[in-house]
Amino acid sequence: MTTPGNGISISQALEPHDWSNEEMAAYEAVNGAVGAYSARIAAEEAKPHPDQQVNQDARAAQTRLA
């Protein structure tokens, strides 16, 4: 079995869950926001001189969403 933090998904170990429409919509919204922050981080890292504060702020926002 895999463990959290080792970079390997453990989703197969989760119990089944029936999602309400509201829960699914909230999950998709949060997932979309995390993805937007990932895109922001990637764009910043692609710059010749990335602003590390921008990436730190984006990663902090991702953590809050998680």
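Is Lys47 buried, partly exposed or exposed, and what is its relative accessible area? Lys47 is partly exposed, at 39%. Here buried means under 20% relative accessible area, exposed over 50%, and partly exposed in between (1.4 Å probe, protein chains only).

The model is predicted: local features need pLDDT of at least 70, side-chain atom pairs count only at pLDDT 80 or more, and totals for chains, interfaces and linings use all residues. Residues are numbered from 1 along each chain as its sequence is written, and side-chain values use heavy atoms, with hydrogens and water left out.

**Stop one: Lys47 and Glu44.** Select both side chains. They form a salt bridge at 3.0 Å, N to O. The term means a side-chain nitrogen of Lys or Arg within 4 Å of a carboxyl oxygen of Asp or Glu. Glu44 is buried, with a relative accessible area of 2%.

**Stop two: Arg40.** Helices are DSSP runs (H or I, at least four residues), numbered from the N terminus. Arg40 is partly exposed, at 38% relative accessibility.

**Stop three: Arg59 and Glu45.** Now select this pair. Its salt bridge spans 2.8 Å, N to O. The pair links distant parts of the chain: Arg59 is in helix α2 (residues 52-65) and Glu45 in helix α1, 14 residues apart. Arg59 is partly exposed at 39%, and Glu45 is partly exposed at 44%.

**Last view.** Show Arg40, Glu44 and Lys47 together. Salt bridges with shared partners join them into one network. The whole structure holds three salt bridges.

Methods:
Helix = DSSP H or I, 4+ residues; strand = E, 2+ residues; numbered from the N terminus.
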